[in-house]
Amino acid sequence: MTLPQIFFAYFAVALTGLSLLVVTRRNPVHGVMWMLILFIHVAGLYLFLNAEFLAAIQIIVYAGAILVLYLFVVMLLNLKKIEKERKFQHIWIVGLLVSVAFLTLLIPLLGKFSVYPPPGEYSVERINSEGQIMTVGRVLYTKFLLPFEIASLILLVSIIGAVVLSKRKLN
Amino acid sequence: MFETINMKILLPELILICTGLAVILLDLVLRKKETVAFIGVAGALLSAYYNFSLMSLGWSGAVFQNMFVLDGYSSFFKLIFYISLIITIFISLNYIKTERVSSGEYYSLLLFSASGMMIMAGAADFMVLYLGIELMSLSLYILAGIMRERRTSNEAAIKYFFLGAFSSAFLLFGISLTYGLTGTTSIIEVAEALNRLGPAGRNITLIAVIFFVTAFGFKVALVPFHMWAPDVYEGAPTSVTAFMSTGPKAAAFAVMGRVLFYAFGALQLQWSAIIEPLSIVTIAVGSILALSQTNIKRMLAYSAIAHAGYASIGFLPGTQEAFAAMINYLMIYIIVNLGAFAVVVIMRREGIMGEELSDYSGLAKKNPLVAFLMLIFMFSLTGIPPLAGFIGKFYIFMGAVEAGYTKLVIAAVIFSAVSAFFYLRVVVYMYMKEAAEPSVLIVPHSVKLVLAFTSIMAILLGIFPSVLLDFARASLLG
Amino acid sequence: MSGNYIPSHYLPVISILAFSVLVGLGALIAGLLVRPRRPYEQKLAPYESGNLPVGEPRYRFSVKFYIVAMLFVVFDVEAVFLYPWAVAYDRLGLFGFVEMMIFIVILLVGYVYAWKKGALTWE
């Protein structure tokens, strides 16, 4: 077991456990707090994939903005009485069966990734020599320009949606 | 540093997007709100004009490193989207005012949703595909819930959003599995990589295909991923339901065809085997559950589910001929469905919701023309000759029988006959029941145009079937 | 060929993280172990400057917080897209400038829309 594998094992176990913690907490604010730890672990996983920019963005945007949005929504919903209710629906056994079926679908994939695609042009050394953010900038705005512009439209639609659905009185 | 990027290819989408941006901004300044709707229609027509002139000039090809294409396949689907968008705008003009929906956001979201659909049809890379799906779906989630005071609208938006986000998760899982196996997200390169992989690698890719089929099954409302459709169709504003049941359904079929035929063509036998039980169960569930509905929007939702099942039979033979029959069917279904929803929209007047079947009682007495047109639409949806719906089903069933799916076609024909019960029940209500207090419907001019267009097409496409089918075949060839 | 990359220059980050977690947890656990535990009703009630607690602590939350948070997310993501563009700007030339301007203009339309609809006023 090499050191990266040990770290990956830790991240894998931690991410799975943390996700379970997020969805099983009775108090939704507790769930959101566990989600924060989850995001930090995901950022750590990105670091091991040599994606430092993505790790930083994960913390800034996910843990910084999206988590705060989650918290506002949780507080908005005023879920005090939810804490006293049953945690899971009565048909949780069906959900469990579906999850087990899902797992059996995925188990044959384990270890079958023996066919590796040819390595891409951005190896670790090349990215580190050029600088992480510089590489992202070079690739994102040349090769992936079209997805980038469509993403701007999706952001615009989110702005429209947030205002039209939640403004108390539209002027 | 960059290759010359052939921006002309993106011109139709760019025009539509700029129209959407203009609509948001102009709505803030203009006092007369209908103007933004006409700007929307103008933009859509301009975009359509450019699209078809580009195609006829031979400007088709790929752009942005093969991430986006303009070819016959995407152009045919874009024609469906343009029809869906323009007709929806026309039938929304009065409906929006009655429901007091904010018009700027409504029309711009329709335009952005249509742009998303066009990006989906022209996507040649999984990332652009996913972003197009998200753009279309996000606009639709908001549109479904845009009548904020109505609880059913909120419910529709929440259900659609949850299940749509869930299906996006499945889609992303499929894309990431495919990327892990082939090292690329470009659809053509995935097909090449699959040819290089041995049979073991291809079997693993089948799992990714299952994820794709699940995700697209959600969007198209195939059984067992259909649960959201009745509630969402019932709760959303009727014009939005008209849009949702036509354009996005066609768009989902477009991406399904693109991914299954172009990317995973090597696995055609396997995914045909997966889709076969799905389509027959979809037809069955859609037809049977529609029998007990009293709300016409719910009934049309189950009918949409059943029609998605009929259309997906076109995937099974795996040939271009069958796929041409499928897109032919989609075009016919969408035109007729828009006509039916146009009638449902004008049933909504001040004080009367007009969504229950009983509201249609005695419609023939005071509004004979509207009732007759609804009869045409219901007959076409059932598949009664000589209307267009029959032709659509005929070609699809023929293609399936030629490929050996005889039992499936027999079952589909039986369910087609079963569906006559609930379609013709509307006709019975209109012609043979007595109305409580028959009132004359106000049909706005825009809806008159829509009804004329859709009913004439329903009749013409039934009498001259080969026109559309040849156009479909030609589009698929390039 | 599994990945064998270790981000070794992030070692200080993880050591600070671990140290702060240990110090925080350690202080809490030490307190938990050492302090006496003699609760009674008045001590457990929420503190309200000596008055008796009356009414539910949760009040009707205003939706304007949600709008602010939502707009923050969107413009934060916009800023995130601006970082790598700014770093790689000299390599991208005029084309890069134009494409980023398109991006900003699209979001500017959203900003003007939110502004005119009153989403930015805090009443």
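User: What distance separates the centres of domain 1 of chain A and domain 2 of chain A, taken over C-alpha atoms?

Analyst: First, a caution: this is a predicted model, in which local features need pLDDT of at least 70 and side-chain atom pairs count only at pLDDT 80 or more, while totals for chains, interfaces and linings use all residues. Residues are numbered from 1 along each chain as its sequence is written, and chains are lettered from A, ligands numbered from 1, in the order in which they are written. Domain bounds come from an automatic or database domain assignment. Here domain 1 of chain A covers 1-86 and domain 2 covers 123-171, and their centres lie 22 Å apart over C-alpha atoms.

User: How many residues of chain A are in contact with chain C?

Analyst: Two residues are in contact if their C-beta atoms, placed from the backbone, lie within 7 Å. By that criterion, 47 residues of chain A meet 44 residues of chain C. Helices are DSSP runs of H or I with at least four residues, strands are runs of E with at least two, and both are numbered from the N terminus. Elements giving two or more residues to this side of chain A include α1 (3-24) and α3 (52-77); α7(A) gives the most, 13 residues.

User: Which classes of residue make up that side of chain A?

Analyst: Ala, Val, Leu, Ile, Met, Phe, Trp, Tyr, Cys and Pro count as nonpolar, Asp, Glu, Lys and Arg as charged, and the others, Gly among them, as polar. The side touching chain C has 33 nonpolar, nine polar and five charged residues.

User: What does chain A contribute to its contact with chain B?

Analyst: Chain A supplies 23 residues and chain B 35. On the chain A side, α7(A) again has the largest share, 13 residues, and the division is 18 nonpolar, three polar and two charged.

User: Which residues touch the most other members of the largest nonpolar core?

Analyst: A residue is buried if 20 or more other C-beta atoms, placed from the backbone, lie within 10 Å of its own, exposed if 12 or fewer, and partly exposed in between. A nonpolar core joins buried Ala, Val, Leu, Ile, Met, Phe, Trp, Tyr and Cys residues through C-beta atoms within 7 Å. Among the 223 residues of the largest core, they are Met120(B), Ala251(B) and Leu330(B). Helix α14 (residues 320-346) of chain B gives the most to this core, 22 residues.

User: How much of chain C is buried?

Analyst: Of its 123 residues, 17% count as buried. Chain C has four helices and zero strands.
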